[in-house]
Amino acid sequence: MLNVKSSDGTEIHASTYGEGRDVVLIHGWPLSHAMWEYQVADLVEAGNRVTMYSRRGFGQSGKPWAGYDYDTMTDDLAAVLDSAGVKDAALVGFSMGGGEVARYMSRHGGKNVRSAVLVSAVTPFMLKTDDNPDGVDGEVFEEIKNGLKTDRPKFLNDFYQDFFGQGSTEGGVSDALLHDAVRVAMQASPKATIDCVEAFGKTDFRADMAAFKVPTLIIHGTGDKTVPFEASAKRAAEMIKDSELKTYDGAPHALVNTHTKRFNADLISFLKI
């Protein structure tokens, strides 16, 4: 375990495994670094040094009352990279984690980053506005926050149905894995869980897209009901010069779990660039 402290003193739980090229895994909402369980071994065995951490407020990281904006959370990422001695890394961001990748590229100039991977990512802009008509209606995010405030365990269980694509042709995980995902999410601070809905739902990353100056892989499922493909990956691929887009036909949001072998193979292949 790494001893990482953010600029405001928040402790960030991080770990590094293996030797070789640096790969940094950034988890999605409402999970923790534990979501990468089925990627770490394959990445290490392929000759990579893997660093993963739990975002402030989640997992075993510190749970302050504030700081759940992307500028602060990206500064936390910078602290992790410095503490781990990361060089020429691949930043891999899943869902909400894609926002940290984008903001790091602009706010920190992509320091020590050799390539980037956006997986089911919220970039470039989730919220429906006059100049973003394909986005998600703001009422959806208000309903999420209300559900969390009313009955967090029930909301999470229901939320994960679409997240994992339960009952769909290309999705679905075991009941045991779904229940464990609820357990992991319940480790998070309620305040962090709610505040991060505001962050990933309403942060505009369109200006950050121009900061991607490294090889970038975008992976997204066309059956994603959590972060719709048309408003996210398709647009990100258009905005990031020379990026590579891989679509998984019919795959749900959590394709790292439903299409693990394919995802791991695609990621490892890209890391050789």
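The structure is a predicted model, in which local features need pLDDT of at least 70 and side-chain atom pairs count only at pLDDT 80 or more, while totals for chains, interfaces and linings use all residues. Residues are numbered from 1 along each chain as its sequence is written, and side-chain values use heavy atoms, with hydrogens and water left out.

The secondary structure of the protein chain comes to 10 helices and 8 strands, where helices (H or I, at least four residues) and strands (E, at least two) are DSSP runs numbered from the N terminus. The C-alpha atoms fill a box of roughly 45 × 40 × 40 Å, taken along the principal axes. For 273 residues, a compact globule would have a radius of gyration near 19 Å, and the 17 Å of the protein chain agrees with this; the radius is taken over C-alpha atoms, and the globule rule is 2.2 Å times the number of residues to the power 0.38. Of the 273 residues, 58% count as buried, a term that means under 20% relative accessible area, whereas exposed means over 50% and partly exposed lies in between (1.4 Å probe, protein chains only). Among contacts (heavy atoms within 4.5 Å) between residues at least 6 apart in sequence, 77% join residues at least 24 apart.

Helix α5 has 12 residues and reaches 16 Å from its first C-alpha to its last, close to the 16 Å expected at 1.5 Å a residue; the expected span is 1.5 Å times one less than the number of residues. The buried residues of α5 are Arg152, Phe155, Leu156, Phe159, Tyr160 and Phe163. These residues lie on the same side of α5, because they cover an arc of only 130° around the axis, the arc being that of the directions from the helix axis to the C-beta atoms. Their cover includes β5 (89–94), α4 (138–150), α6 and α7 (190–202). Helix α6 (residues 175–186) also has 12 residues, and its span of 17 Å from first to last C-alpha is close to the expected 16 Å. In α6 the buried residues are Leu178, Ala181, Val182, Val184 and Ala185. Their arc of only 160° around the axis puts them on the same side of α6. The face turned away from the buried side carries the exposed residues Asp175 and Ala176, and α5 is included in what covers the buried residues of α6.

Rings of Phe, Tyr and Trp (its six-membered ring) pair if their centres lie within 6.5 Å, and planes under 30 degrees apart count as stacked, over 60 as edge-to-face and the rest as tilted. By this rule the count comes to 11 aromatic pairs. One of them joins Tyr160 and Phe163 in an edge-to-face arrangement, at 5.2 Å centre to centre and with 70° between the planes. Tyr160 and Phe163 are 3 residues apart in helix α5 (residues 152–163), so about one helical turn separates them. An α-helix has 3.6 residues a turn, so residues three or four places apart point the same way. Both Tyr160 and Phe163 are buried. Tyr160 also pairs with Phe164, and this pair is tilted, at 5.3 Å centre to centre and with 45° between the planes; Phe164 is buried, as is Tyr160. One aromatic cluster is formed by Trp29, Phe94, Phe141, Phe155, Phe159, Tyr160, Phe163, Phe164 and Phe200.

Most residues other than glycine have a negative phi, and most peptide bonds are trans. A cis peptide bond, with omega of about 0°, joins Trp29 and Pro30, and Pro30 lies in the loop between β3 (21–26) and α1 (37–45). Another cis peptide bond joins Thr123 and Pro124, with omega of about 5°; Pro124 is placed in the loop between β6 (113–119) and α4. Asp88, in the loop between α2 (70–84) and β5, has a positive phi near 45° and is partly exposed, with a relative accessible area of 48%. Ser95, in the loop between β5 and α3 (97–107), has a positive phi of about 55°, but is buried, with a relative accessible area of 6%.
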